[in-house]
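Work through the exercises below with the sequence and the structure side by side. Each task is followed by a solution in steps.

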Amino acid sequence: MKKIKVGAVSYLNTKPLLYGIESSGELMQQIKLVKDYPSKIARQLLDGDIDVGLVPVAILPQLKESYIISDYCIGAEGDVASVCLFSDVELDKIEKVLLDYQSKTSVALCKVLLKHFWNKCVVLEDAKEDFTQQISGTTAGVLIGDRALKQRKRSKYIYDLAGEWVAHTKLPFVFAAWISNKQLPNDFLQLFNQKNGEGVDNIDAVLHNVDCDFYDMRKYFTQNISYKLSEEKLKGMNLFLELLQQL
């Protein structure tokens, strides 16, 4: 049987979603799992190199065919901690923003916030690798994932992008969802969805296999990240995509 190619983000925030998948012999026999940073997984789905991916929702308008295949996502109902604008100065003094090359949705979210809610015009620059040292003076930077959690100890001002979105819209935010670029078998979808939920419902087991000394992972998995793809999250996602198209 031809294996279904599945792309997943390699950050800590996916550990609860991947826990049940990777521990299921039945499911792992059906899939070929690859891991990378969000924008790379997004490109693989757009190019057809994978069949389904935990991808930034900002790419949805670019897909010719798309299906959200799981009840789980990488979302937030308040501060997410790992997607932030970091700066040495207050927001009104920022002149340039470096945009994380590993991101799609988070970079787009920063642009939406700048235009629609912060009403601020700045120079936007696509960042290269190891750009965190350039975050100084009036140059700020959008940083995501595990590197953002580490940056929290270094920057004076931290603007949590999910928290800002929720404050302005009163809706939660979805960073990434399990999206396929083709229809997949129902029995696979049911098993995949079930295994997504196992880690989310058993955080203690997930934490047993997570080694992190730079952030409280229990808080991260239970308070910062919100994994269930609710109707409110879908409303937030649709509003975000609508505002994104206006940029």
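## Aromatic rings and a mixed sheet

In this predicted model, one aromatic cluster is formed by Phe117, Trp165, Phe173, Phe175 and Phe240.

**Exercise 1.** Classify the ring pair of Trp118 and Tyr159, and state where the two residues lie.

Solution. 
- Step 1. The ring centres of Trp118 and Tyr159 are 6.5 Å apart, and the ring planes stand at 65°.
- Step 2. Planes over 60 degrees apart count as edge-to-face, so the pair of Trp118 and Tyr159 is edge-to-face.
- Step 3. Trp118 is in the loop between α4 (105-117) and β7, while Tyr159 is in strand β9; the pair links distant parts of the chain, 41 residues apart.
- Step 4. Trp118 and Tyr159 are both buried.

**Exercise 2.** In what order do the five strands of the open sheet lie, and which are the edge strands?

Solution. 
- Step 1. The order is β7-β6-β8-β5-β9, with mixed pairing.
- Step 2. β7 (123-126) and β9 (157-160) each pair on one side only, and these are the edge strands.
- Step 3. From one strand to the next, the twist averages 25°.
- Step 4. Helix α6 (residues 161-169) lies across β5, β8 and β9, and runs at about 55° to β9.

**Exercise 3.** Describe how β8 pairs with β5 and with β6.

Solution. 
- Step 1. Strand β5 (residues 83-87) and strand β8 (residues 139-144) are antiparallel and share four bridges.
- Step 2. Within this pairing, Val83 stands opposite Ile144, and Leu85 has Val142 as its bridge partner.
- Step 3. Strand β6 (residues 96-99) runs parallel to β8, and four bridges join them. Lys96 has Thr139 as its bridge partner in β8.

**Exercise 4.** Which residues of β8 point each way, and are they buried or exposed?

Solution. 
- Step 1. Side chains in a regular strand alternate between the two faces of the sheet.
- Step 2. Thr139, Gly141 and Leu143 point one way from β8, and Ala140, Val142 and Ile144 point the other way.
- Step 3. Six of the six residues of β8 are buried.

Definitions and conventions:
Residues are numbered from 1 along each chain as its sequence is written. This is a predicted model: local features need pLDDT of at least 70, side-chain atom pairs count only at pLDDT 80 or more; totals for chains, interfaces and linings use all residues. Side-chain values use heavy atoms; hydrogens and water are left out. Two strands pair if DSSP finds at least two bridges between them. Axes are lines fitted to C-alpha atoms, for helices over the stretch in contact, and angles run from 0 to 180 degrees between N-to-C directions. Contact means heavy atoms within 4.5 Å. Rings of Phe, Tyr and Trp (its six-membered ring) pair if their centres lie within 6.5 Å; planes under 30 degrees apart count as stacked, over 60 as edge-to-face and the rest as tilted. Buried means under 20% relative accessible area, exposed over 50%, partly exposed in between (1.4 Å probe, protein chains only).
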